[in-house]
Amino acid sequence: MENKTVPSYFYFTLFKGYENVRILYFLLTIITYFFIIVFNVTILLAVFKEKSLHEPMYLLVSCLLFNSLYGSSALFPRLSADLLSTTHTISRPACFTQLFVIYTYGISEYSVLTVMAYDRYVAICEPLQYHNIMTQRKTFLLVLCAFSWSVFCLAGPMYLSIRLPLCGNQIHRLYCSNWSVVRLSCVSTLINSIWGYFIAVTTVFLPAGFILFTYIRILLVCRKSTAEFRGKALQTCLPHIICFVTYSLATFSDFALSRYEPGQIINAIALISSLEFIVIPPLLNPLIYGLKLPDIRREILIMMISLKVALSS
């Protein structure tokens, strides 16, 4: 008979076998987190300091980068500590806290990208009405809804997962994920699975469908416009398209491989796939927007020149 219990801690199994290179991985983790902070904070400061950048598009970019800092803070400090530890355990409250932050980050990423797609749609398809539609108040409400939606969506699955009686405490990941905890259950998890598919539809497929719809409309408008108009539209839309595609691929990879049982896939593949969606977007997003958007690029150069002058004086 299975021993149904509520474990007070969980054990991360993916650390096993990497003891000889844990210092190298620790340094890579610290360096990666350092660059994530520097890249994202630099653009946030650029947008905050320059009043001409206090426009909906740049404010939404700031929200995307803030979300990157929020999500990465749930992984990298804990991962760094685990790499230096020999136990690789996490308490039950800490596990569900980490789970909550990472999943709200993931859902919010899609929500903010959806709002950004709507902003670009209005700017390109309804340029004369843009400032009447995308007011500061409406932008604030859209951002508030984007972040609130992630909390609302996660409340049900979190409640169900916390109440599950578990027959083990080994998590085949480097961090706590909902499915990793649910698969330890001693009882049926049908309701959890239904919730999971509901969240996938409402937080991934519906936003993705809306984003694709906006870009189809944008393409139709661009076909009838001048080459100069198409060039400007591409300049503002390309960073968003790259971020959306990159995040979608990383999320799909994590979702697909998370359904495999431990031992069915190579540890290295499981490790990489589980980290992609929380490492690659926070690193790439600020680089993409910092390099592609001339207004942000110009402000960053001004900040760097000012810093150089201050240090040399």
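Visitor: Which residue forms a salt bridge with R78, and how far apart are the closest N and O atoms?

Guide: The partner is D82, and the closest N and O atoms of the pair are 3.2 Å apart. Keep in mind as we go that this is a predicted model. D82 and R78 both sit in helix 2, 4 residues apart, which is about one turn of the helix.

Visitor: Is D82 buried or exposed?

Guide: D82 is buried, because its relative accessible area is 3% and the buried class covers values under 20%. R78 has a relative accessible area of 26%, so R78 is partly exposed.

Visitor: What else does R78 touch, leaving out residues up to four places away in sequence?

Guide: With those left out, R78 touches T89, I90 and Q98. Take Q98: R78 and Q98 are 20 residues apart in sequence, and their C-alpha atoms are 9.1 Å apart in space.

Visitor: How many salt bridges does the structure hold?

Guide: There are 4 salt bridges. Among them is the one between E228 and K232, with the closest N and O atoms 3.6 Å apart. These two are 4 residues apart in helix 8, so about one helical turn separates them. E228 is exposed at 55% relative accessible area, and K232 is exposed at 52%. Another is the bridge between R298 and D295, at 3.1 Å from N to O. Both of these residues lie in helix 10, 3 residues apart.

Visitor: How do I read the way two helices pack?

Guide: Two packed helices are described by the angle between their axes and by the distance between those axes. Here, the axes of helix 5 and helix 7 come within 9 Å and cross at roughly 170°. The two helices are therefore roughly antiparallel to each other, since angles over 145 degrees count that way.

Visitor: Which residues meet there?

Guide: From helix 5, the residues include W149, C153 and G156, and they meet a group in helix 7 that includes I191, N192 and W195.

Visitor: Which residues make the nonpolar surface patch?

Guide: I23, L27, I31, F34, F35, V38 and L84 make a patch of about 620 Å². Helix 1 gives the most to this patch, with 6 residues. F35 is in helix 1, and its 37% relative accessibility is why F35 counts as partly exposed.

Visitor: What is the phi of H88?

Guide: H88 has a positive phi of about 60°, although it is not a glycine. You will find H88 in the loop between helix 2 and strand 2. At 8% relative accessibility, H88 counts as buried.

Terms used. Residues are numbered from 1 along each chain as its sequence is written. This is a predicted model: local features need pLDDT of at least 70, side-chain atom pairs count only at pLDDT 80 or more; totals for chains, interfaces and linings use all residues. Side-chain values use heavy atoms; hydrogens and water are left out. Patches are made of residues with over 30% relative accessible area and no salt bridge: like charges are joined within 9 Å, nonpolar side chains (Val, Leu, Ile, Met, Phe, Trp, Tyr) within 5 Å. Accessible areas come from the Shrake-Rupley method with a 1.4 Å probe; for residues, only the protein chains shown count as cover. A salt bridge is a side-chain nitrogen of Lys or Arg within 4 Å of a carboxyl oxygen of Asp or Glu. Buried means under 20% relative accessible area, exposed over 50%, partly exposed in between (1.4 Å probe, protein chains only). Axes are lines fitted to C-alpha atoms, for helices over the stretch in contact, and angles run from 0 to 180 degrees between N-to-C directions. Angles under 35 degrees count as roughly parallel, over 145 as roughly antiparallel, 65 to 115 as roughly perpendicular and the rest as oblique. Contact means heavy atoms within 4.5 Å.
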